[in-house]
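Colleague: I am new to reading models like this one. Can we go through a few spots together?

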Amino acid sequence: MKDANIPTSDRKKDEPRSLQELGAELQRLRESKNLTLDDISAATCIRKNFLEDIEAGNFVRFKALVYARGFVRTCTTLLGAPELWNEYRQQLTIDTFGPPQGASEFTARSESAGRRHSMMPPSSARAGAANMGLPARGFRHSSARRNGVLLLVLLTVGALGGLWFNWDRLRGEVSKLQREQAYDEMKSREAEQARHDEMQKAEEAAVQREMQARRQTENAGAESDAEKALASAERPAVMPEETGEAAVKPALTIRASGDCWLRVREGDKDLLVTTVREGFEQTFPLDRTLSVRFGAGQNVQVSTNGTDFASPGAGVQRLEYRPDGSSLKVRK
């Protein structure tokens, strides 16, 4: 090897640089990129002591030329210096690198034992160097990562295989759960509808009882009025007036030609809250103002004098019917 202390100005222009000079250039390039030897070692999985030897131009500890050239090429590629690798390739040859330590002793022992050994010539070594892998000592971490990735792939394949073989059973379980959930929801809706129907029937029965009691009270009052009329039969001049007043007394009559939700209130008291069907008809006395709300006004007709039935309007309507027979539409 050439002396690294020879000044560059004293060297011929075409004379190649020594391994020490190339190592110093490699170190300068690494430091210009603000990289440490630990950074290079982590990126290339090459041990730090090998990197130090490369920058020092000392290749004694390398067991074979292929290891030295492989490490140098990896470093120069990482640092983006292909021209530096070209110089290294000219310097790192079989002639300059030399045989590894102990090779001569091994050859001597083999020859003395009478065994035949085929020694690879330099040309064959150079030809096969490109096909040889890097040493396991320098790439121990890479092997660990490769094994971890391989284990992860195997676990993933195993999980997917288990899912594939159990797909029909899992799909059956999911379908069963969906059917059970749909059945529970249907039963819940039916129970809710049954409770609603019972409450509605109870309200209708209460309204009917109240209306029956009111009719009985009105009938009792009518009988009392009839008795009074018979008792005052001697006053014929007054009887027509009283009869006329009774004839014009207003009452609210509701007829249904279809389904309609009704709510009839007298003050704060509900007289009727129900859904009527076709053929329904009911009369309410207009002793006080009645507030009526129609769910589908187009399906009912209303009269305050027993005649002149008319629809309160389509859709949801709310009207007030007064004792004088007039009506007032209330804003929704």
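Colleague: Which residues does Ser-303 touch, not counting residues up to four places away in sequence?

Modeller: This is a predicted model, where local features need pLDDT of at least 70, side-chain atom pairs count only at pLDDT 80 or more, and totals for chains, interfaces and linings use all residues. Residues are numbered from 1 along each chain as its sequence is written, and side-chain values use heavy atoms, with hydrogens and water left out. Contact means heavy atoms within 4.5 Å. By that rule, Ser-303 touches Ala-251, Leu-252, Thr-253, Asp-308 and Phe-309.

Colleague: Is Ser-303 buried or exposed?

Modeller: Buried means under 20% relative accessible area, exposed over 50%, partly exposed in between (1.4 Å probe, protein chains only). Ser-303 has 2% relative accessibility, so Ser-303 counts as buried.

Colleague: Which residues of helix H3 are buried?

Modeller: Helices (H or I, at least four residues) and strands (E, at least two) are DSSP runs, numbered from the N terminus. H3 covers residues 48-56. The cover over its buried residues includes helices H1, H2, H4 and H5. The buried ones are Phe-50, Leu-51, Asp-53, Ile-54 and Glu-55.

Colleague: Which element gives the most to the lining of the largest cavity?

Modeller: On a 1 Å grid over the protein atoms alone, a cavity is a set of points where a 1.4 Å probe fits but cannot get out; lining residues have an atom within 4 Å of a point. The lining includes Leu-51, Ile-54 and Glu-55. H1, H2, H3 and H4 each give two or more residues. The top giver, with 3 residues, is H3.

Definitions and conventions: On a 1 Å grid over the protein atoms alone, a cavity is a set of points where a 1.4 Å probe fits but cannot get out, and a pocket is an open set with protein on both sides within 12 Å along at least five of seven lines; lining residues have an atom within 4 Å of a point.
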